[in-house]
Amino acid sequence: PSVPRWRRDLRPTRPSRPCRALIKANEYEGRYAKSYFWRTTQQQEIDYIEEADGQFTAFEMKWNPRKKTTPFPAAFLKAYSVKQEAVVTPENYLEWL
């Protein structure tokens, strides 16, 4: 596995509604991906992460248009092999399904 057992910052996801849609789309298309979320004690977080073929795609869900988009935490990008970063909004979520 690409996530070492001693890592406690990457956990199986308890998906929100937008994350469940991504998980269902993977199942429907026959794509196998493990699902996680990431959070530190400093309150840095990534809403949804998919691991496939040893690489990660990190998703930030921004459903409220008034909230600004923040960059993905450097600690996560440094610790994991991130293939792609994506900000999912009501305007572009169909691209990810």
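I began with Pro 65, which counts as exposed because its relative accessibility is 75%, over the 50% cut-off. The model I am reading is predicted. I located Pro 65 in the loop between strand 4 and helix 2 (74-79). I then checked its distance to Thr 89: the two are 24 residues apart in sequence, and their C-alpha atoms are 8.1 Å apart in space.

I looked up the largest nonpolar core and found nine residues: Tyr 36, Trp 38, Ile 46, Ile 49, Phe 56, Ala 58, Phe 72, Phe 76 and Tyr 80. Strand 2 (34-39), strand 3 and strand 4 each give two or more residues to this core. I also noted a second, separate core of eight residues, with Leu 22, Ile 23, Phe 59 and Met 61 among them. For Phe 72 I listed contacts, leaving aside neighbours within four places in sequence. The list holds Ile 46, Ala 58, Phe 59, Glu 60, Leu 77, Glu 85, Ala 86 and Val 87.

I searched the whole structure for aromatic pairs and got seven. Tyr 36 and Phe 56 make a tilted pair, because their planes stand at 55 degrees, with ring centres 6.5 Å apart. Tyr 36 sits in strand 2 and Phe 56 in strand 4, so this pair ties together parts 20 residues apart in sequence. I checked burial for both: Tyr 36 is buried at 11% relative accessible area, and Phe 56 is buried at 2%.

Next I took Trp 38 and Phe 76, an edge-to-face pair with 5.3 Å centre to centre and 65 degrees between the planes. Since Trp 38 lies in strand 2 and Phe 76 in helix 2, the pair ties together parts 38 residues apart in sequence. Trp 38 is buried at 1% relative accessibility, and Phe 76 is buried at 0%. I recorded that ring pairs link Tyr 36, Trp 38, Phe 56, Phe 76 and Tyr 80 into a cluster.

I read off about 230 Å³ of space for the largest pocket. Its lining has 17 residues, and those closest to its centre are Asn 26, Arg 31, Glu 50, Thr 57 and Lys 83. Helix 1 (17-29), strand 3 (45-52), strand 4 (55-61) and strand 5 (82-88) each give two or more residues to the lining. Which element gives the largest share of the lining? I found that strand 4 does, with four residues. By type, I noted eight nonpolar, four polar and five charged residues in the lining.

Terms used: Residues are numbered from 1 along each chain as its sequence is written. This is a predicted model: local features need pLDDT of at least 70, side-chain atom pairs count only at pLDDT 80 or more; totals for chains, interfaces and linings use all residues. Side-chain values use heavy atoms; hydrogens and water are left out. On a 1 Å grid over the protein atoms alone, a cavity is a set of points where a 1.4 Å probe fits but cannot get out, and a pocket is an open set with protein on both sides within 12 Å along at least five of seven lines; lining residues have an atom within 4 Å of a point. Grid points are joined across faces, edges and corners, and a volume is the space filled by probe spheres set on the points. Ala, Val, Leu, Ile, Met, Phe, Trp, Tyr, Cys and Pro count as nonpolar, Asp, Glu, Lys and Arg as charged, and the others, Gly among them, as polar. Buried means under 20% relative accessible area, exposed over 50%, partly exposed in between (1.4 Å probe, protein chains only). A nonpolar core is a set of buried Ala, Val, Leu, Ile, Met, Phe, Trp, Tyr and Cys residues joined through side-chain atoms within 4.5 Å. Contact means heavy atoms within 4.5 Å. Rings of Phe, Tyr and Trp (its six-membered ring) pair if their centres lie within 6.5 Å; planes under 30 degrees apart count as stacked, over 60 as edge-to-face and the rest as tilted.
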